[in-house]
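Dear colleague,

I am handing over the structure we spoke about, and it is placed just below.

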There are 2 protein chains.
Amino acid sequence: MSGNKQLTIGLFGFGVVGEGLYKVLQQTPSLNGEIRKVCIKHPDKQRNAPQELFTTDKDELLQDESINVIVEVIDDADAAFDIVKTALLNGKSVVSASKKMIAEHLPELLQLQQETGLPFLYESAACASIPVIRNLEEYYDNDLLHSIKAIVNGSTNFILTKIFEDKLEFATALKLAQDLGFAESNPKLDVEGYDAVNKWTFLLTHAYGIVTGTNEILFSGIQNIQLGDAKVAREKGYEIKLVAQAKKLSDGKVAAVVLPQFIAQQDPLTFVKNEYNGVVIESGFADKQFFYGKGAGSFPTASAVLSDISALRYDYKYEYKKLYHHQPAQLSSDFYLRVYISATDWAQLPKQELEWIEEWHSGQDRSYLGAVIHYSRLRNSDWWKQPGVSLILAPEAIIEPAELEKLRPVKSVAALETAEA
Amino acid sequence: MSGNKQLTIGLFGFGVVGEGLYKVLQQTPSLNGEIRKVCIKHPDKQRNAPQELFTTDKDELLQDESINVIVEVIDDADAAFDIVKTALLNGKSVVSASKKMIAEHLPELLQLQQETGLPFLYESAACASIPVIRNLEEYYDNDLLHSIKAIVNGSTNFILTKIFEDKLEFATALKLAQDLGFAESNPKLDVEGYDAVNKWTFLLTHAYGIVTGTNEILFSGIQNIQLGDAKVAREKGYEIKLVAQAKKLSDGKVAAVVLPQFIAQQDPLTFVKNEYNGVVIESGFADKQFFYGKGAGSFPTASAVLSDISALRYDYKYEYKKLYHHQPAQLSSDFYLRVYISATDWAQLPKQELEWIEEWHSGQDRSYLGAVIHYSRLRNSDWWKQPGVSLILAPEAIIEPAELEKLRPVKSVAALETAEA
């Protein structure tokens, strides 16, 4: 094994994460890492580091042969990709925290790694401080991974916790999250599920060898969740979380969705409150593991970046074993989902698209039903994304085609028609 | 990086773990592993595998040059050490599940690994299915690990859960654990903390580079926990768990103990019920991570053994970075502990050994007090191990010497004398 390599780092970005890294590296000589140069966008900002460390010229880092590691913790996905690409092609190892960039450029990034043979690490890009990528790569590295489900977005989990525990309306909870710095001023990326599905794309690569894009995954955020949905969840003994999940079906394909879900009390994900993230992995001999930690914020991100830097001392790199050494899995589009749908108006509920209805409830303000629907029906329509409609998965929502008829109720629930009449 | 190596395995032991491994390896060709021979003790037992697979002669495995991996999942610690030693010296990689053997022979095992350069993996020996060793080695591989605390023994955790939730007396809970197969017929190893401290010795090596023996660590089990202690815990909003913990002090040394502890509701360890294990790691930028999974039983053990076998395909080995590449830490004997002590009789409580008493309560059947005591006072005495006395750590029990005076109460609690009078 290689020794304890000296790392000379070029850092892109000097926000809270970048500055935190700079401080820790200074104070921790055993890490064998020194930041040679920092590339920033705004040279006039006051920085807590010597002036000569900074530049606005990225080539001072990317073309410096004494720099062997590029760390990029910037916000701009397009700029980040250029930096990563140039760095790898210039023979430098790279650590990145840009989930959006990785999700959007995964095939190119995989090719760049193969071409250059250089490490490209990004543990902080998913679940921040939780070592989920490292564990999928190294510990769950065989094809015995049955399922993985995770809360990967801290902002939405914070909002859902407030809706659920403090009975706040969505807008109030969102405002609170923004005030506390857990949600962006433009929260669309978090709230509408884009951030979660970005992370899910490359976690699917490490979990199952699947290389896909966000447009291939059924997803939504929590923008349509109502206080009334939280009330129903509570009555049923559930909480609501935005869950990214994937499950290997009996045909070897993988069902993957990112949707709000009812979570039962005994599920480890109920433990995940506020800005935390959590991952439940079911593997091998049908056993469950749970990983939990802070998923958002500068310190958890910096902590994961630091572990990646540390791993570079030993030339660690992802091997994408399930992609390159096993038969990579494919996404399935043939499975069913058990869902809860609530709407302001019965007319919004497409009864003809449902396999069957298991329960329904009609109230003054809102109506809801529990039903089973084919994945493709959701994938190919958007009635469930309309204002006024909430779609929430039931616990254990994924149903294999072969299981469907066994689960079909003997007596159909037909009262919906009456209620409409 | 090395490729997907063919593993030819010699297996010692064909109990539930061994048989499970055999089946999974047969069904999973991508693991590239084939069991060539199985060494068993009792040739007359009916086995679910071809007769010619078995032998009672260990040399048929250890001297077979075509076998490149030895997996040992046997019960006998002394025999296990002989097998591991011979296997490494004969050029074979080794996977072991024998925590007692590893704890007892750690220095020799470290030397054998250095001499031979061969992998010796034992993830299943601590927290079974939770990849705690792998994460301490690879992810928390720098010297920024502030603390680690863990529930590492599933049997005692099962018993404590039953005492706590079902209000069973210790003996009844133990009987139940035995009936359900969560505790051995001779439960001393689990119940008196030997199993937990065994695991803790080598986890300290991976966490802090400490190489020590069980006799150097202050530990006890749960044998003296009373139903009354559970009642007090409940009143205070706590649960009781057997916790192995280590914390880096400001002088760089590490405080490490394995003792029952009051656990507050917001602590992730409260989530760990029954036969599960859990690990809370505090690192780097002061963030907490929590790992949770099944800690006892054949399937979780087999699952971890399988991941070790899988890692051998890529020549993975522990590098013991904190021992060899950093300044290894030392155990501290200079710190204080905040404790709860209950006793049938006040006379059993050594008031003169306590720094101060924070609360006391005298009842009909039992009395208890909350106090602060120096670690060495416990280390060098055994009054707290006597029948009738329970010692339980308070939450956040470890106090640095420099913190002591700041915490000393202005008004001392002197009523104990009166109560005795």
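For the helix packing described here, axes are lines fitted to C-alpha atoms, for helices over the stretch in contact, and angles run from 0 to 180 degrees between N-to-C directions. Please keep in mind that this is a predicted model, in which local features need pLDDT of at least 70 and side-chain atom pairs count only at pLDDT 80 or more, while totals for chains, interfaces and linings use all residues. Residues are numbered from 1 along each chain as its sequence is written, chains are lettered from A and ligands numbered from 1 in the order in which they are written, and side-chain values use heavy atoms, with hydrogens and water left out.

In chain A, helix α1 (residues 16–27) packs against helix α12 (residues 298–312) at an angle of about 50°, with the axes 9 Å apart; helices here are DSSP runs (H or I, at least four residues), as are strands (E, at least two), numbered from the N terminus. That angle makes α1(A) oblique to α12(A), the word for whatever is left once angles under 35 degrees are called roughly parallel, over 145 roughly antiparallel and 65 to 115 roughly perpendicular. The contact (heavy atoms within 4.5 Å) involves residues including Leu21(A) and Val24(A) of α1(A) and Val305(A) and Ile309(A) of α12(A).

In chain B, helix α7 (residues 154–165) and helix α8 (residues 170–179) pack at about 130°, with their axes 9 Å apart, and are therefore oblique to each other. Among the residues making this contact are Phe158(B) of α7(B) and Phe170(B) of α8(B).

Ser129(A) lies in the loop between β6 (120–121) and α6 (132–138) of chain A and is buried, with a relative accessible area of 0% (buried means under 20%, exposed over 50%, partly exposed in between, with a 1.4 Å probe and protein chains only). Its side chain makes a polar contact of 2.6 Å with the side chain of Gln289(B), such a contact being a pair of N or O atoms within 3.5 Å, of which, within protein, one must be able to donate a hydrogen and the other to accept it, and residues adjacent in sequence count only if both atoms are side-chain atoms. Ser129(A) also touches, among others, Pro300(A) and Tyr139(B).

Thr205(A), in helix α10 (residues 194–208) of chain A, is likewise buried, at 1% relative accessibility. A polar atom of the Thr205(A) side chain lies 3.3 Å from the backbone oxygen of Thr201(A).

How values were computed
Lists of a residue's contacts leave out its neighbours within four places in sequence.
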